[in-house]
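Here is a brief report on a predicted model.

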Amino acid sequence: MTKKKLLLNIFGPILSVVVLIGIWQAIVVWGNVAPYIAPKPWDAINAVTSNWSTLAPLTWWTIKETVYGYLVGALLGAFLGVVLNKIPLMQRVLYPLLILTQAIPIIALAPPLVMILGFGVMPKVVIVAWIVFFPVTVSVLDGLNHVDKDLMTLAKVFGANSLRRFVVLEMPAAVTQLFSGLKIGATYAVTGAIIGELAASSGSSLALYQRSASGSLDAAGVYGTTLIMTAIGIVWFLLVVGAEYIATPWQRRSTARQWRRGAKPVVTNN
Amino acid sequence: MKRNFLSLSVAGAVLALSSVTVLSAGSIASASTLTAVKFVYDFPGPDMEIIPVVVAQKEGFFKANGLNVSVEFPPSTSLTTQLLTTGSGDIGFITTSDMAVAVEAKAPVISVANYSMTNNWGLFAKPGSTLTLASLKGKKIFSWGDTWTNAMIPFVLKKAHLKASDITIVTGANDTPLLMNGTINFTTSTTNYAIPGITEATKSAPVGIVGAAAGVPNVPVWVYAVTHNYANQHGKNVRAFLKAIKAATIWASSHQTKAVADFMAAYPKSGYSKFYSTKGWALTVPLLTNSAGKYFVQTNKQWTTLATALKSVKLIKSVPAPSTYYTNKFLP
Amino acid sequence: MSSSSLLELRGISKTFASTTALSTMDLTIERGSFVSIVGPSGCGKSTLFNVLSGLIQPDGGSINLEGRDVIGATGHVGYMLQKDLLVPWRTVLGNITLGARLKGKVTAEDRDQAKGFAEKYGLGDFLNHYPSALSGGMRQRVALMRTLATNHQLLLLDEPFGALDAQTRFEMQQWLLQVWRDTQRTVLFITHDVDEAVFLSDRILVMSPRPGRVVDDLAVNLPRPRTLETLVSPAFTEIKSKVLHQLHHERAL
Ligand SMILES: Nc1ncnc2c1ncn2[C@@H]1O[C@H](COP(=O)(O)OP(=O)(O)O)[C@@H](O)[C@H]1O
Ligand SMILES: [Mg+2]
């Protein structure tokens with residue numbers, strides 16, 4: 001990446017956020033919007049920082065719900081993708097069922113989950129996983145279905161058994177696709193956690209804090225919690241992008257990183 | 001305080017749309033002579049507390065007072081005051097605690113009439129359970145997470161000599177099933193919602209500690225409110241609205257079966273059974289008049305008591321003059 | 001089976017549903033020879049390779065490779081197609097050792113062997129590169145090294161240079177001959193290009209249109225090493241015209 005490109009990559013997003021905040025500020029100030037309807041950006045940020053001792057543990061909970069749910073969903077999704085690819089019958093039996101799961105409104109899912117799993121972190125994890133697994137399954141399935149047939153043939157000629165063909169060729173070939181599913185899932189995950197918190201919370205939660213703020217006409221609190229939720233979503237998305245960057249170096253590099261095992265630089269007589 | 005918070009929000013939005021269309025279609029002929037008023041409920045979906053408005057629509061009380069009233073439901077709870085201030089609604093139905101926080105937030109709204117006169121809020125449990133202040137410690141108690149419930153729970157704890165950490169407050173989408181399968185021990189609600197709901201599910205009346213017994217201040221729970229602007233510019237409409245509502249309320253109190261039928265016809269998909277709405281309305285009627293048998297009348301004392309109580313649990317910072325909250329000048 | 005023959009096919013045939021891709025075929029390939037197979041499209045050349053490599057089961061007959069019956073088995077030949085089939089996530093080194101990885105672990109010997117190939121044949125500086133950084137000719141070289149690295153005596157190359165431009169192709173042909181000489185392998189080489197077949201081979205098998213069978217078996221007695229001079233020698237032209245005649249004669253029938 002050239003220096004110019006790097007600068008653009010860093011300052012481009014920052015600039016767009018600044019512009020967005022500017023528009024927000026302009027609407028609130030020039031539109032004479034009352035502070036109990038919508039706060040100025042700074043007031044929303046202030047509502048977070050000045051209440052951080054209350055918000056920090058709630059934020060931490062939401063992060064946990066998001067991350068646990070995401071991991072469960074991603075693993076389950078990848079597993080299902082493989083199952084669907086490997087067992088053709090499953091594509092007919094399971095696929096409609098999987099689509100059905102996504103057609104159920106998440107809101108309808110919440111009450112039975114609470115009854116079975118209680119008010120803790122579990123029902124949120126299930127809801128997040130429920131949302132996240134699907135794009136992952138679809139992308140893994142897509143990736144596996146599009147592995148070069150000739151490459152698989154070649155591997156057979158080389159005498160590779162099906163497990164090796166899967167591990168050495170199909171899995172890495174599906175990784176690029178997998179990440180597109182993981183990224184979509186990452187953007188949805190925090191939404192799932194918040195829906196879960198609204199549906200059932202013990203003690204407090206970010207969603208409930210927001211609801212209370214809304215009930216108190218504390219728009220700064222409402223927007224502030226929204227900022228936190230958004231930040232969780234963005235940071236998680238960026239982490240997934242970072243993982244993709246590390247996991248798929250061939251997508252943007254011409255040589256392997258030197259420290260990676262199995263791709264050592266040429267060392268004669270080692 | 002009301003049930004089915006989440007699932008109703010969707011249904012509510014749909015209903016709000018359909019009822020608006022139906023009403024506007026039905027009133028084309030008289031549109032020129034009637035003044036349009038937008039009424040905003042306190043909850044995303046309709047329930048039996050809206051009966052006075054429905055009856056006034058259906059039985060012609062609004063028309064007789066020159067009004068064409070449409071009903072809007074907020075996308076979620078506690079947004080009604082905001083909808084009034086942005087002009088999306090004219091007359092709102094809110095809790096007195098909503099009113100207090102609105103004034104604290106300097107939202108230019110004012111209460112124009114009490115809906116109910118007493119505090120019928122409390123804790124409820126399955127029939128046959130032990131529910132006393134002494135039995136609260138270590139229990140899971142359901143809350144809707146709304147301002148009113150947030151305001152009341154500290155009073156219960158105070159009276160029970162408990163700390164907040166002595167109980168677990170849980171929040172969710174619907175309390176009755178959770179109560180039935182023991183996921184929660186007690187729920188918080190008002191008599192007119194809790195009793196029909198639990199009775200319907202268990203075939204017998206719940207146990208409860210309500211009002212003074214629960215340690216909560218005895219103040220009205222719901223009021224009708226408008227913005228200062230609307231009060232100043234359309235006082236005539238407010239007066240006409242309350243006049244129609246009073247007539248409709250009296251009619252609905254003496255024709256309860258008919259009133260519930262009007263509600264069920266207006267909102268066939270409210271999610272509430274005829275049993276629930278009938279029982280709920282029957283329990284609501286006695287709440288609507290004060291000890292002198294009068295509707296609507298607000299007092300300095302009720303607002304001072306409420307504001308003092310809310311300040312003591314830190315929901316508001318200061319107790320303003322009671323006149324900041326209300327006016328009786330539009331009463332019929 | 002004579003002591004110098006590596007591969008013997010007896011009575012091999014293959015019919016797909018209604019199309020007979022290969023009619024009964026008998027063939028003996030000498031160890032260390034370079035044999036090209038030419039013939040019109042769809043005459044069953046690739047089918048023959050697929051049978052040899054064990055990808056498809058012939059309808060009948062026997063295949064004897066280095067004294068073993070290999071019908072239906074895999075893992076006994078090197079195999080390379082027009083598509084280089086390099087895996088984008090493995091480096092040049094990783095691609096050359098892919099065969100070893102597919103059979104288990106890549107050992108230090110495997111790696112040393114791969115490095116040896118790469119260094120010897122001009123890719124030493126690219127061992128750590130991903131295939132996306134390589135030119136078409138380089139990619140084909142890596143693909144051939146991968147085939148060599150499987151350490152099978154018999155290499156089946158199915159139009160490996162079909163997608164390269166003329167200049168690169170000539171370079172690759174010369175290079176292939178060098179590799180063949182160095183490594184002493186036996187090559188079966190499918191091509192459409194008669195020049196290529198004559199330039200590379202000891203022997204050319206001409207196949208008839210479907211159902212495929214060998215209609216001519218020509219020895220190419222041009223001296224080695226073969227160079228640019230070879231291409232313009234009268235002997236080259238003579239053999240080339242024989243092959244072309246045979247191909248066109250068959251087509252006219
Ligand atoms: N797996 C298969 N199933 C059915 N028909 C096949 C299959 N493979 C090859 N064929 C047919 O067999 C004939 C020979 O094919 P092939 O060996 O690929 O020819 P080529 O000489 O061009 O390599 C063709 O008609 C082809 O369509
Ligand atoms: Mg072919």
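## Ligand 1 and its shell

Helices (H or I, at least four residues) and strands (E, at least two) are DSSP runs, numbered from the N terminus.

Polar contacts are pairs of N or O atoms within 3.5 Å; within protein, one must be able to donate a hydrogen and the other to accept it, and residues adjacent in sequence count only if both atoms are side-chain atoms. A polar side-chain atom of C:Thr47 sits 2.5 Å from an oxygen atom of ligand 1. Backbone N or O atoms also take part: one of C:Lys45 at 2.9 Å from a ligand oxygen, and one of C:Cys43 at 3.2 Å. The protein covers 60% of the 560 Å² of accessible area that ligand 1 has on its own. Accessible areas come from the Shrake-Rupley method with a 1.4 Å probe; for residues, only the protein chains shown count as cover.

C:Pro211 lies in the loop between β9 (203–207) and β10 (214–219) of chain C.

Another cis bond joins C:Arg224 and C:Pro225, with omega about -5 degrees. C:Pro225 is in the loop between β10 and α8 (228–232) of chain C.

## Positive phi

Most residues other than glycine have a negative phi. A:Asn32 has a positive phi of about 55 degrees. A:Asn32 sits in the loop between α1 (3–30) and α2 (41–49) of chain A. At 68% relative accessibility, A:Asn32 counts as exposed (over 50%; buried is under 20%, partly exposed in between; 1.4 Å probe, protein chains only).

## Conventions

Residues are numbered from 1 along each chain as its sequence is written, while chains are lettered from A and ligands numbered from 1 in the order in which they are written. In this predicted model, local features need pLDDT of at least 70, side-chain atom pairs count only at pLDDT 80 or more, and totals for chains, interfaces and linings use all residues; side-chain values use heavy atoms, with hydrogens and water left out.
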